[in-house]
Structure formats: C-alpha cells, structure tokens
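I opened a notebook for this chain and wrote down each thing I looked up. The entries follow in the order I made them.

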Amino acid sequence: MARPDRSHEIELALLRAVGEHPHGLVGVVAAQLGLSRQHIHTRVKPLVAGGYLRKAGTTRPTYSLGSNRRFQRRYLLDGLTGDRVWYADLLPLLDVLPKNVLEIAQHGVTEMVNNAIDHSSGRHVSVWMEVDAAQLRLHVGDDGIGVFRKISRALALPDERLALLELAKGKLTTDPTRHSGEGIFFTSRAFDHFQIVSGGLLFDHYDALEMDWLDELDDSGTLQLRNVNACTQLNSERTLKQVFDQYSSGPDDYDFAKTIVPVRLARIGDELLISRSQAKRLVQRVDRFRSVVLDFDQVGSIGQAFADEIFRVFANAHPEVELIAIHAVPDVQQMIRRAEILRDEQGGQLPLLD
C-alpha cells in the first residue's frame, strides 16, 4: 500500500517552525512529524529554490524565511476570531508587503474570517495565503451554508442568482445587529481580483474592468462550501482610504452613501428586463443610499414598465435618492427619458396601470 504524500504538510511545518528554530530546523520538524531528517531535507530544497526559505552555511546551516511567503491552516470556528488569525498567524509572515497592500490584506482576512464565524453556520474555516515577488493571493473557505443561499433565504429571493445583485449593491447583512453589511462589498473593491464561489455560483469582481460577473458552475460537487479568493499586485497603489472615499458622501463625511448597481444582474438567465417586478427587484434596498449609479452595461433593451417603475415610481417615492444611469444604449436611454418626462409631468401621482 502506497504511503500518503506528506510533502505539503512538511513544507507548511518547515515554514511555521523556521522563525523559532533557524539552526535546528530540519531536526525539529522531523521530530514533530515523526519522519526522518533525510525525508525533511527533500522538502527543504524546493522551498529554498522557490524563495520561501533562505539557507546560510553548509555544515550547520541556518534557515530563515525567504522573500516569498506561504501559509495554510484549518481552524475550528467555535471560539475563533478574525484578529486571532491575522495577528498570530498571518501578520508575522507579511512584513514583505507594502503598507497599503498590508492594510488591504488585513481588512480582507479579518472581514472574511469573521463573516464565516458569524454567518456560515459551519464548523471549520480554512485560510491559505501566498506571496511572491509580484502578487499576494488569499483564500478563505468554510463548510457552512453558503453565502448565496443564506442571502436568498434571508431576503426571500426566488432564485439564488439574485443574491449576486444584492451583494453588488452593498449594505447587505443577514444580521444587522452585529454587522453593517459593508464587509464583503468593500473587500471586493479593495483587491485587484475578488471571487466568491458557493453553491454552484461564482461572483467575480475585476477592478481593472470595474465589473461584477456572475457565472454558473458545475454543481455536481459539494454545494455547501463557500470559498473566497482574493489577489492583488504588490505594486498596487490603491489604499483602503481611496476605496472608502469612492463610495462616501464627501471628504468630511464617511457615510457609505453611493453604490453602483449592475442592472444586468437583475436578470435570471436570459430573461428580458421588462416587468415592474424585475424593476422592484433591482431597486430593493437602494433607498439606503443617497446616490445610486445604475450601470446598464450589457443591457440591450428594457421594457416601458421596467423603466417607469424605476425612473418615475421609485424616483417619486424617494426624491432624496439621486438616480444616475450609465452605459445605456440609445434604446435604453429612450425608455428612461420617457419615464422621466412622465414623472416631471405628473409629479408624485400614483403609477399608471399597465
């Protein structure tokens, strides 16, 4: 019977132990894992070659962490805190990061771990991190209910795909007494690339494209797992302050006052955006913001009732909310303008029956 491959376990043990045992590293890890020193030596070499360990001397070598960093650990959620994961396990490994990237990493790790603790209803969370010369990559996964399913149940959504729309809006939480609903939103905007994979659905945010994407994955596997992946370039000049400022109401007011809503996420599958119910779905909860940018990218047309519900009915009911349409093609612009003209003519009267 073949022995299980313990290479990954050995490498992680070496990287954890090197800080306290730079001189007797190989012997210490061999004793910890019950393996021979020779076996441990076979895994030291690739770590040195990959830049994860530095070796000084030959007869009695001294080891230290290299410029590249790697970490992986599975935690029991009961009694865990996000700060414990960050300060005890990750921060000591991330001294190679620029200050702005380090702040983004701290925000992302603590928010995603705390989200798993408070919302996943799971038992375990796994945290993986890797840094090389160009990039920081993070992964947080739990064995809970899954974020899209949790949102769908909390908001009574008819389809889990609509949870992506609610995430994209921001200010969403299933436990308002403990969370502001801003964690996932701002974390997704802080990194160059951010993903949530859960229940056969993929939420994908690319900063370079300024776009939120929804993909349906093969759901033949385990649907309950929730995985969050995030990465950013080490030469990124983005700061957390810039991210928060982008959605704040002004330089002296840090209220989360602005959101950008991808209109295409209001669709389920290939359906057309024509009905009032779809429009109500789109503007659900956006009255919590002062400025709402409706991004019509990839929306080729909308129906009269859809436009009327947003740009006349909702606008009349919430005059304090500024509605801004962007990336609208001429056909969409025409429907929006028609609703706005009718709103101006009728003022705050009740909506017309379709």
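This is a predicted model: local features need pLDDT of at least 70, side-chain atom pairs count only at pLDDT 80 or more; totals for chains, interfaces and linings use all residues.

Entry 1, terms for linings. I count Ala, Val, Leu, Ile, Met, Phe, Trp, Tyr, Cys and Pro as nonpolar, Asp, Glu, Lys and Arg as charged, and the others, Gly among them, as polar. By that count, the lining of the second largest cavity has four nonpolar, one polar and two charged residues.

I number residues from 1 along each chain as its sequence is written, and side-chain values use heavy atoms, with hydrogens and water left out.

I looked up the elements and found twelve helices and 14 strands. Helices (H or I, at least four residues) and strands (E, at least two) are DSSP runs, numbered from the N terminus. Of the 354 residues in the chain, 49% are buried. Buried stands for under 20% relative accessible area, exposed for over 50%, and partly exposed for what lies in between, with a 1.4 Å probe and protein chains only. I also looked at contacts (heavy atoms within 4.5 Å). Among those between residues at least 6 apart in sequence, 67% join residues at least 24 apart.

Rolling a probe the size of a water molecule over the atoms shows where empty space is left. On a 1 Å grid over the protein atoms alone, a cavity is a set of points where a 1.4 Å probe fits but cannot get out, and lining residues have an atom within 4 Å of a point. Grid points are joined across faces, edges and corners, and a volume is the space filled by probe spheres set on the points. My search of the whole structure gave three cavities of 30 Å³ or more.

The largest cavity holds about 70 Å³ of space. Its lining includes Met-112, Leu-138, Phe-191 and Asn-229. The elements that give two or more residues to this lining are α5 (99–119), β5 (135–142) and β9 (226–233). I sorted the lining of the largest cavity into eight nonpolar, three polar and no charged residues.

The second largest cavity comes to about 30 Å³. I listed its lining as Gln-304, Ala-307, Asp-308, Met-335, Arg-338, Ala-339 and Leu-342. Two or more of these residues come from each of α11 (304–317) and α12 (330–346). The largest share, four residues, belongs to α12.

Is α1 (residues 7–17) mostly covered or mostly open? I found it mostly covered, with eight of its eleven residues buried. Among the buried ones are Ile-10, Glu-11, Leu-12 and Leu-15. The cover over them includes α2 (25–33), α3 (37–49), β1 (53–56), β2 (62–65) and β3 (69–76).

Strands count as paired if DSSP finds at least two bridges between them. Ala-56 stands opposite Thr-62 in β2. Five residues lie between the strands, and Gly-57 takes a positive phi near 90°. Pro-61 is in the loop between β1 and β2, and it is buried, with a relative accessible area of 14%. I checked what Pro-61 touches, not counting residues up to four places away in sequence, and got Pro-22, His-23, Lys-55 and Ala-56.

Three strands make it, in the order β12-β13-β14, with parallel pairing. β12 (258–262) and β14 (322–326) are at the edges with a single partner strand each, so one side of each is left without a neighbour in the sheet. Five bridges join β13 (residues 291–295) to β14, and in β14 the bridge partner of Val-293 is Ile-324.

Most residues other than glycine have a negative phi. I noted Ala-156, which is not a glycine and has a positive phi of about 55°. Ala-156 sits in the loop between α6 (147–155) and α7 (163–169) and is exposed, with a relative accessible area of 64%. His-327 also went on the list, with a positive phi near 55°. His-327 is in the loop between β14 and α12 and is exposed, at a relative accessible area of 51%.

Methods: On a 1 Å grid over the protein atoms alone, a cavity is a set of points where a 1.4 Å probe fits but cannot get out, and a pocket is an open set with protein on both sides within 12 Å along at least five of seven lines; lining residues have an atom within 4 Å of a point.
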